[in-house]
Amino acid sequence: MKLPRRNFLHLAAGAAAVPAVSRFAWAQVYPSRPVRLIAPFAPAGSTDIIARLMGQWLSERLGQQFIIENRPGGGANIGTEAVVRAPADGYTLLLVAANNAINATLYDKLNFNFIRDIAPVAGIVVYSNVMVVNPSVPAKTVPEFIAYAKANPGKLTMASSAIGSPGHVAGELFKMMAEVNLVHVPYRGSGPALVDLLAGQVQVSFPSMTSSIGYIRAGTLRALAVTTAERSDALPDIPTVGEFVPGYEASAWYGIGAPRNTPVEVIDKLNKEINAGLADPKIKARLADLGNAPLALSPADFGKLIAEETKKWAKVVKFSGAKAD
């Protein structure tokens, strides 16, 4: 049977529109069941706190539970790979961290390519690490510390929560740019590292503000500088490292990612709701209390940040010679 040309074109156009309409309708009802948000670190840390704060917001906004699933191990690689292997349907998400950018170079071989295999969804927060010393160290400013370290090459120890952690690479960047020789001492977590710093077993560290701000305010640790480009509202009197070491900047951050090929309609919906949360006064206040600043970005801009950070930390990791355990 032959159809008139007009009828044929009308039917063809209608058929072509079906997938688009179906995708739109599917995105409109997403999520229709609970969503897993995998946090690739142990419970109770800053990663877990951020994941649960945003998970609760998304649950309330989208009418389905966003369940936080902790998958620690491998410096975030175990949890990341679980998301890489998950169906690209928006029901398995990853709490992305600065560790993912660092790990691309720190590990000789991974079972995935993070930039290729994880689709950026949204940023959540950016936060500063803090250069802190034990009060017994005779340096009250960054220039005084640099002079002290240069007068005692290889004699000062620098603690971190783990090889390749944001605090570790922030310290390595400082060593590289300030041209000082500090001996890196990795621990298994920020808690043990801070315990030894408080006891004077190590001299300096670059922990997250969340984990160290209580000790700074109590005077049991001395803050010399924050690692971000600008001063922190949480510690407004503490200068930045960059005020003394021009060009220095080391931010850590969290965001949300999904398996590659996740429908763009789902990514855009999640991005919109996450950014709405970051503008909510209660969430902003909670984040500020933890020393975090909102990181409201489009998926494309978050992807650009990840690529830039991966390139930046690759240089630092190679300079330091660090390798994962």
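Tutor: Happy to! A salt bridge is a side-chain nitrogen of Lys or Arg within 4 Å of a carboxyl oxygen of Asp or Glu. Side chains of opposite charge can pair when their charged atoms come close. This is a predicted model, where local features need pLDDT of at least 70 and side-chain atom pairs count only at pLDDT 80 or more, while totals for chains, interfaces and linings use all residues. Residues are numbered from 1 along each chain as its sequence is written, and side-chain values use heavy atoms, leaving out hydrogens and water.

Searching the whole structure gives 13 salt bridges. One of them joins Arg33 to Asp89, with the closest N and O atoms 3.3 Å apart. These partners are 56 residues apart: Arg33 is in the loop between helix 1 (5-29) and strand 1 (35-39), and Asp89 in the loop between helix 3 (77-84) and strand 3 (92-97). Helices (H or I, at least four residues) and strands (E, at least two) are DSSP runs, numbered from the N terminus. Arg33 is partly exposed at 40% relative accessible area, whereas Asp89 is buried at 19%. Here buried means under 20% relative accessible area, exposed over 50%, and partly exposed in between (1.4 Å probe, protein chains only).

Now look at helix 7 (residues 166-178), where Glu172 and Lys175 lie three residues apart, about one turn of the helix. Their closest N and O atoms are 3.3 Å apart in a salt bridge. Glu172 is buried at 5%, and Lys175 is buried at 13%.
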